[in-house]
Amino acid sequence: MQSKRHSPRLLIPQKLLRVLLVLSSSTGPLAGIYSGWTGSKVKQPYDAFLLLDFEATCERGKGFDYPNEIIEFPICLMRWKDRDGDKASQLEVVAEFRSFVKPSWRPNLSEFCTELTGITQQDQVDAAPSFPAVLRSVRAFLVEHKLIEKHGKRRLRFCWCSDGPFDIRDFLVKQLFISQVPMPEWMAGDVLDVRSVVAAHTSGRQVRRQPQHGPWAGIGLNIPAQLSALGLPPFEGREHSGIDDVRNLAKILKKLAFMGIRLQPNAAVNPRRRWAWMGKSGQILE
DNA sequence: TTTAGTCCAGACAGGTTAAG
DNA sequence: CTTAACCTGTCTGGACTAAA
């Protein structure tokens, strides 16, 4: 039976202690609130930012050496609110674009994919336009917001941004191959990988260190962890929903701008990159 | 297969207390 | 004094995670 011995010491559970330690340390969720508060304007070479986060078809365990087809194409357009010459510090979302995309090679989503992204087969994917059609809508969106001319030439200095270098470098390049569409000139060029900027400015206070070598080198923090590392409120919406991911990414970019970080491309895109499953003229080898 | 970090449970050592 | 019960800190190993 239980002994009825009383304890003379003040007992503080170890778990509680650990929580208190995390809250009070400079690596805790409150760190960014104090450390990143600047708001001073710095030279910014871009007029506008197009934040992108594709969702794509996927199979459990197949990894990324796979013909992923884009099924959601969400964009947040951000512009400077306080531009003064070429200096600025405050970014805001001024427009959004969102379309689902109907895949052509494997039009049926796996259960894993539906569960991961929350995207539904009937209502969203089956009813969606094909990728080339969505690309035309995106171009119209950019024309409407005066980023490009009708024929596609750039009017403003803008930069595509994503969480990691993967979206345009891998998913778009794969999709262009599958749809047999050339890289639009208004999407060509290097991109801003927001995640690596966050990694560069949160190292030292190590919320989570990332591998320096090997296949996972540079993968870094996911969006919720980046929000936490910057002292921002938690993720809003549904993770792996493209539009929600991109809205949360917008908060991260806004914060980085406010911290006085110059926002410019940092990841190269090779539109001619090929994967092993790519056959001749858009054919997919299995 | 590969990286590098976090988190958690379990084992263990050592200290303290009350019962025998 | 000896011992069992209890508490704590430390260590270790395994599971888990990261673009879709």
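Chain A contains nine helices and eight strands, where helices (H or I, at least four residues) and strands (E, at least two) are DSSP runs numbered from the N terminus. The structure is a predicted model, in which local features need pLDDT of at least 70 and side-chain atom pairs count only at pLDDT 80 or more, while totals for chains, interfaces and linings use all residues. Residues are numbered from 1 along each chain as its sequence is written, chains are lettered from A and ligands numbered from 1 in the order in which they are written, and side-chain values use heavy atoms, with hydrogens and water left out.

Of the 286 residues of chain A, 43% are buried (under 20% relative accessible area, with exposed being over 50% and partly exposed in between; 1.4 Å probe, protein chains only). The accessible surface of the chain amounts to about 15,800 Å², and carbon and sulfur atoms account for 52% of it; areas come from the Shrake-Rupley method with a 1.4 Å probe. Among contacts (heavy atoms within 4.5 Å) between residues at least 6 apart in sequence, 73% join residues at least 24 apart.

A nonpolar core is defined as a set of buried Ala, Val, Leu, Ile, Met, Phe, Trp, Tyr and Cys residues joined through side-chain atoms within 4.5 Å. The largest such core comprises 39 residues, of which F73, W160 and M187 touch the most other members. Two or more residues are given to this core by each of β2 (48–52), β4 (70–80), β6 (91–100), α5 (131–144), β7 (158–162) and α6 (166–179); the largest share, seven residues, comes from α6. Beyond residues up to four places away in sequence, F73 touches, among others, L52, F97, F131, V134, L135, V138 and M187. A second, separate core of 31 residues includes A88, V197, F235 and L253.

The axes of α5 and α6 come within 10 Å and cross at roughly 125°. Axes are lines fitted to C-alpha atoms, for helices over the stretch in contact, and angles run from 0 to 180 degrees between N-to-C directions. The two helices are therefore oblique (angles under 35 degrees count as roughly parallel, over 145 as roughly antiparallel, 65 to 115 as roughly perpendicular and the rest as oblique). In this pair, F131, P132 and L135 of α5 meet L172, Q175, L176 and S179 of α6.

K254 lies in helix α9 (residues 242–258) and is partly exposed, with a relative accessible area of 37%. Leaving aside neighbours within four places in sequence, K254 contacts M78 and L91. The C-alpha atoms of K254 and E92, 162 residues apart along the chain, are separated by 6.9 Å.
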